[in-house]
Amino acid sequence: MSLTTVAGGFIFLLLLFSSGAVAIGFSLEDEKAQIERFQQYLRIQTAHPNPDYAGAVSFLSSQARSIGLKILTLEFTPGKPLLLLSWAGTDPSLPSILLNSHLDSVPADSSHWIHPPFSAYRDSDGRIFARGTQDDKSIAIQYLEALRNLKGRRFSPLRSIHVSLVPDEEIGGADGNEKFVASKEFRMLNVGFVLDEGQASPTDEFRVFYADRLPWSLIVNAVGAPGHGSKMYDGSAAENLMECVEAIVRFRDSQFDLVKAGIRAGSEVISVNPVYLKAGTPTPTLTQKGPSRDVTGRPLVTPTNASNPWWSIFKQAISASGGKLGKPEILSSTTDARFMRQMGIPTLGFSPMANTPVLLHDHNEFLKDTVFLNGIKVYENLISALSSFDSDVGV
Ligand SMILES: [Zn+2]
């Protein structure tokens, strides 16, 4: 929305904030403070097996307090807090926006790092080294900094905005997001749309993920005729097992051929990998972890077409911030996003990290300061556009 007034012969063009508005640039001092807060969070030891959840929650709560967000700490499992931050919209009856990030990180073996993994060392190129820079402490701070700037500019969201900072994503989320989405506290948020973590992109296009892959574990138990090892006979357990493994390998090759030929992305085929071999008591079992459909019976994917109004808003907000978006992808692994999709809530995986090598779970994980700062502006656009969406789209 723009408003022109004439006063004393001068024309003032006031650009008032509305959905899709481009974020204002930061001063050098703002940038310094934003990077310092990111480094402070990175220095909290949140790696498994003993993540400092109390330290992370205390730091993030103090940030939320300074921004003026409502703070609620939930604990579905003792010692595993979940921090829920909220900014009430002017129409709380509309479904809300949820920004999700996990508190925990995977371990880091410091002997393989050029700078200690919890030092958040920033080199002369602006690269900030720390476990969690990409996965996914950057987005937590970017959400908060974007909200801080929006508050500073007296933005007023129509829809309520919530930020959930959840434990245990890296170890499956059973005591984290899985319990959260099943809780009455979650139901009361009336969430209409979720942004969760994505991945870095080596090109200048941001990546966006509309589904996670489903992990299934298949246990094959082979049985067969017994016999002495010196004797030739058919149908032994080991022979039967090998036939089964060969069939799986043939299937794996056929899937891999599609990837090698460029017909499918690595995340669009069924990957199968033998991971463990053990002798034992035979009981045929197929273990499937997690459902493949949501509570309404639809597949666990978030539409990235005109049928999903959130998608259009998301796309527009990305271009309004000067960003480019790659073709929507299925994530090659799993994140907490699957729990929200299981509830039937449209959820996109997104981390604004263009021109950045994918280093999640890798040694020397880093994020450049300029990429981090640009991400804050991207989230300002996204949050203002999504929270200003005035149509009553149900969950
Ligand atoms: Zn992650």
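This is a short talk on some local features of one protein structure.

Hi everyone, and thanks for coming. Please keep in mind that we are looking at a predicted model.

Let's start with strand β8, which covers residues 161-166. How many of the residues in β8 are buried? Six of its six are, so the strand counts as mostly covered. If you are new to strands, here is a handy idea: in a regular strand, side chains alternate between the two faces of the sheet. In β8, one side carries Ile161, Val163 and Leu165, while the other carries His162, Ser164 and Val166. Both of these faces are covered.

Who are the partners of β8? Strand β4, residues 80-87, runs antiparallel to β8 and is joined to it by five bridges. You can find one of them on screen by looking for Leu84, whose bridge partner in β8 is Ser164. Then there is β5, which runs parallel to β8, with six bridges between them. Here, look for Ile97, which is partnered with Ile161. Both kinds of pairing work through the backbone: strands of a sheet pair through backbone hydrogen bonds, either parallel or antiparallel.

Now for another sheet. Three strands, in the order β6-β7-β17, make up an open sheet with antiparallel pairing. Its edge strands are β6 and β17, each of which pairs on one side only. Between β7 and β17 there are three bridges, and Phe129 has Phe366 of β17 as its bridge partner. Helix α9, residues 369-387, packs on this sheet and touches β6, β7 and β17. The direction of α9 makes about 70 degrees with that of β17.

Next, the record. Which residues does UniProt list under "binding site"? The entry, which is unreviewed, gives Asp135, Glu170 and His361. These three span 227 residues in sequence, yet no two of their C-alpha atoms are more than 10.0 Å apart, so they gather at one spot.

Let's visit two of them. Asp135 sits in the loop between β7 and α3. Is Asp135 buried or exposed? It counts as buried, because it has 28 C-beta neighbours inside 10 Å, and the cut-off for buried is 20 or more. Leaving out neighbours within four places in sequence, Asp135 contacts Glu197, Leu360 and His361. Notice that His361 is also on the UniProt list.

Glu170 is in the loop between β8 and α4. Glu170 is buried too, with 22 other C-beta atoms within 10 Å. Residues up to four places away in sequence aside, Glu170 touches His48, His102, Asp104, Ser105 and Val106.

Finally, some backbone details to look for. The peptide bond from Asp135 to Asp136 is cis, with omega near -15 degrees. There is also a cis bond from His48 to Pro49, where omega is near 15 degrees. Pro49 is found in the loop between α1 and α2.

What about phi? Ala120 has a positive phi, near 55 degrees, although it is not a glycine. Ala120 lies in the loop between β5 and β6, and it is buried, with 24 other C-beta atoms within 10 Å. Asp168 also has a positive phi, near 70 degrees. You will find Asp168 in the loop between β8 and α4, where it counts as buried because it has 23 C-beta neighbours inside 10 Å.

That's my tour, and I'm happy to go back to any part of it!

Key. Residues numbered from 1 in each chain as written. Predicted model: local features only at pLDDT ≥ 70, side-chain atom pairs only at ≥ 80, totals over all residues. Helix = DSSP H or I, 4+ residues; strand = E, 2+ residues; numbered from the N terminus. Buried ≥ 20, exposed ≤ 12 C-beta atoms within 10 Å, placed from the backbone. Pairing = 2+ DSSP bridges. Contact = placed C-beta atoms within 7 Å. Axes fitted to C-alpha atoms, helices over the stretch in contact; angles between N-to-C directions. UniProt positions renumbered as here; feature names shortened; annotations may be inferred.
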